[in-house]
Amino acid sequence: MDWYRRAIDSDIWWSFKSSTTTVVAASVTLFIFAMAFLAPILAPHTPFDPATLSLSDGLRPPVLFSPEGDWSFPLGTDDQGRDVLSAIMYGTRLSLEVGFAAVIAAMLIGITLGLISGYVGGAIDAVIMRVADVQLTFPAILVALLIDGMVRGIISVKRHDEIAIYVVVGAIGLSFWVQYARTVRSSVMVEKNKEYVQAARVIGLSPMLIMVRHVLPNVTGPVMVIATINLGLAIITEATLSFLGVGLPSTEPSLGTLIRLGNDMLQSGDWWVSLFPGVTLAVLVLAVNLLGDWLRDALNPKLR
Amino acid sequence: MLAFVLRRLAQSVAVLLTVGVVAFFMFRYVGDPINAMVGQDTSLQERDELRQKLGLNDPAPIQFLRFIGNAAQGKFGLSYRTSEPVGRMILERMPATLELSFCAAMFSLLVGVPMGVYTGLYPRHWSSKLLQAVSLIGVSLPTFLVGILLILVFAVFLRLLPSFGRGETVDIGWWSTNFLTTKGLLALIMPSITLGLFQLTLIMRLVRSEMLEVMRTDFIKFARARGLSNRAINFGHALKNTLVPVITIAGLQLGAIIAFAVVTETVFAWPGMGQLFIQSVQFADIPVMAAYLMLIAFLFVVINVIVDLLYFLVDPRLRSQGGAARVSGH
Amino acid sequence: MTAGSNQTPLLEVRNLRVEFPTRRGTLVAVDDVSFSIAPGEVLGVVGESGAGKSLTGAAIIGLLEPPGRIAGGEVLLEGERIDNLPYERMRRIRGARIGAIFQDPLTSLNPLYSIGRQLVETIQTHLPLSAAEARKRAIDLLKEVGIPAAESRIDHYPHQFSGGMRQRVVIALALCANPRLIVADEPTTALDVSIQAQIIALLKRLCREHGTAVMLVTHDMGVIAETADRVAVMYAGRLAEIGPVRDVVKNASHPYTRGLMGSIPSLGVRSERLTQIDGAMPRLTAIPTGCAFNPRCPEAGQRCTVERPDLMPAGVTRAACWLYAPGGVGAALTREAANA
């Protein structure tokens, strides 16, 4: 088992090294991750501490594009005098946190429902899979919007800002669970009828326990691929929700929120406030998607 | 064939019912319909009377049937936000969304399919590789970002196109259209491109991979061995065989376009259903959300039925076997 | 070309070499193969899978799948070289002068078009006929290949026919423009045994009636024995033996052919038991030096491991084997020496 795993690992390593695009994508991803998670150390300013802001710094253009630029604000400032670069670093961090949390939430929901659906079968399976089918008909963003709206209906709109981040994570998680559930379910259906499961049942072991032990390792590969591809989607969905004004609030801005705030200044020609967060978002998602594509091909050569 | 159509219809009804249940629970239990109708100072007793009168104390299944019955007639109650009838609010905004979605769908199909065919036929050509790389970027760009970039370039810097609103519209009965004025048409350009771009890249990549797959099949090899011209092979044989999966996805994408209009309409301040939906999410305007959900589900189901009918036109195997064997092999 | 065109072979293949460039070097899939087919003659080409027989057929009709390519030799059709023709000119030959039949009738036809449409488009590609005339010809062809009720069946789709009937349609498609040669690649392999005989009989009858020559590629010696006039045996991309079918079956010269015939129940001389050839055909990445068969050959000598034999007269057939050279196979070879 050990040598087998090592062989797989080295194969993946080889296919990683031999693809320049993938290496570049991985480097870019690592760079952005580092920039985001080290923001408190690296960022030149603390953009959301009102005490450090000065309106006289407001709407400074980026240094390379205008003589009015100031090197302490390399990418310019917004109308409040906030440093765009620092805001991007903190915003990316939030976007990534929400993205990862949402993917993990989707994974947990999907794997659990997939196990139940495949193992229990019958009416429960039918209901879960029917809901999955219906949900799959709708784009994830719409599902996330609906869930967000429903939460706003249940709790008061005012309190919403405080828990916004959890609502967004939950909404995105609930809109991406279907793929995991389907993968796990089909794997369970295959394993369920294997003899060791029957045998386990005969000697009174909990077959569910055995399923979890044997099925989960089997689906690690596909689940990882889905998760990587979903990470890009989750980041986009969060950004879209925040851009639409139903995601993270402006007191705690993610990349999407920054773009929305900057969008108001776009018409007057102050393009940098929204463009730089936008470019960061696009580059991040592109890099993550390239990694996801590569991982899918590397783990499943038959697909291409 | 009849059995197939009936089964598909039954599935459609099941989807609509599931969505109906969700919408009903939202409408009835997430929000409180009474709040929308009465003022702050209405007494509890009056509220209870109203509740009784509206049948809100009836058993849930009866309320559900009433809800579905009303929905079928376009009655979705009153908006919490504006106190207008939800049905009329949506109807007023529907033409804007449908025209935008139509243009976006046309754009993505008319550009995406030829690009997919080209890159599928000449996968080794440098231009195909370039298109393929660009399409990956297209898939990674969030819709709203595309819209912002277009506005920045064509509205802010070049001042060529309007950046928000529908421009000028003409009313034909209750339907207001963009298609009859120059300003209206100009206003359509950027939103359509924004909305269609993502689907365009999807369609292009799908047609390309289907094309590559079909070109490897035996019947294409045999067609070559029969000495048919490249033109007949590529467009007569290969393209037609990619149609079934392409129609499927294109149908789903059309639905997705209508749903994604939510984002585009917000970027371009386009007064359509999507914008209405976002406002209703922001204000937790449950009746509008429920109605929008039902309407979108209905549109999806209609599109699916049309897609199924198109299958019959394309694939003779379905015509004769009643769809028992949908063997297109995926 | 001499005036007595009886003597000009219909198809002549000279020193054909097919290569596949791969990341780990170039594979030679067909190596220095030469043979000819006379007008109206049926040449069987046999060999194990991977012996290069299908690729030889694909090279002749100019449909090698890239990255495979003809790296040497020439192919002549009625004295005219066709292996180096531009795509468009070769296309006009395919279907018109060389027809083709592939292995699997289930996948050879486009499922979305009626068989009539596929016949008519092939006919109109090659013959100057109107749509009505082409349709009439299509119906006649279907009748000829034994499709009952051809007038109504012509508008049916491929999935409405059985496997055997579909292969008849494929044969009709190959005959559309009355080609002089048909390259049939495993035409019966995918069919039920009971249908195989019918299809072979049909093919044989049609070719006799039309005077069409056939290159019949198969791994089934039974089919060859029943159909072919001459047979070519391929091994590891090379021609091992070629000769009249009766002689190759009954008195094979090449040790490989003998082994091959001995392993077939109905053909082997009624010996006590079937023989078998030890080992397996080498992979294209590891073809032995000298004669490719030498590691498996019971009669191999020193010379076989060093020098590659060309086809040489061997009794009634021609075989690529040093047994029939004046010097013989050289010093005897022990297994140990061969493996060392």
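Of the 2 pairs of chains in contact, which chains share the most contacts? They are chains A and B. The model is predicted. Chain A and chain C are joined by no contact, and their closest C-alpha atoms lie 14 Å apart. Chain C holds an open sheet of 4 strands and an open sheet of 8 strands.

**Contact between chains A and B**

- On the chain A side, 37 residues are in contact with 33 residues of chain B.
- Five helices of chain A each supply at least two residues of the side that touches chain B: α5 (122-137), α6 (140-154), α10 (207-243), α11 (255-266) and α12 (272-299).
- The largest share of this side comes from α6(A), with 9 residues.
- By residue class, the side of chain A that touches chain B has 22 nonpolar, 12 polar and 3 charged residues.

**The 4-stranded sheet of chain C**

- The strand order is β2-β1-β4-β5 (chain C), and the pairing is antiparallel.
- β2 (25-37) and β5 (80-81) of chain C are at the edges with a single partner strand each, so one side of each has no neighbour in the sheet.
- Strand β1 (residues 11-22) and strand β4 (residues 69-77) of chain C run antiparallel and are joined by 7 bridges.
- Val13(C) has Val75(C) in β4(C) as its bridge partner.

**The 8-stranded sheet of chain C**

- Here the order is β6-β7-β8-β3-β9-β10-β12-β11 (chain C), with mixed pairing.
- The edges are taken by β6 and β11 (312-314) of chain C; each has a single partner strand, so one side of each is left without a neighbour in the sheet.
- From one strand to the next, the twist averages 20°.
- β7(C) is joined to strand β8 (residues 213-217) of chain C by 5 bridges, and the two run parallel.
- Within this pair, Leu181(C) has Ala213(C) in β8(C) as its bridge partner.

**Helices on strands in chain C**

- Helix α7 (residues 163-174) of chain C packs on the sheet and touches β6 and β7 of chain C; its direction makes about 165° with that of β6(C).
- Helix α11 (residues 255-262) of chain C lies across β9 (230-235) and β10 (238-244) of chain C, at about 105° to β9(C).

**Strand β6 of chain C**

- Side chains in a regular strand alternate between the two faces of the sheet.
- In strand β6 (residues 98-101) of chain C, Ile98(C) and Ala100(C) point one way, while Gly99(C) and Ile101(C) point the other way.
- All of these residues are buried.
- β6(C) pairs in the parallel sense with strand β7 (residues 181-185) of chain C over 4 bridges, and Ala100(C) stands opposite Val183(C) in β7(C).

Technical notes:
Residues numbered from 1 in each chain as written. Chains lettered and ligands numbered in written order. Predicted model: local features only at pLDDT ≥ 70, side-chain atom pairs only at ≥ 80, totals over all residues. Contact = placed C-beta atoms within 7 Å. Nonpolar A, V, L, I, M, F, W, Y, C, P; charged D, E, K, R; others polar. Buried ≥ 20, exposed ≤ 12 C-beta atoms within 10 Å, placed from the backbone. Pairing = 2+ DSSP bridges. Axes fitted to C-alpha atoms, helices over the stretch in contact; angles between N-to-C directions.
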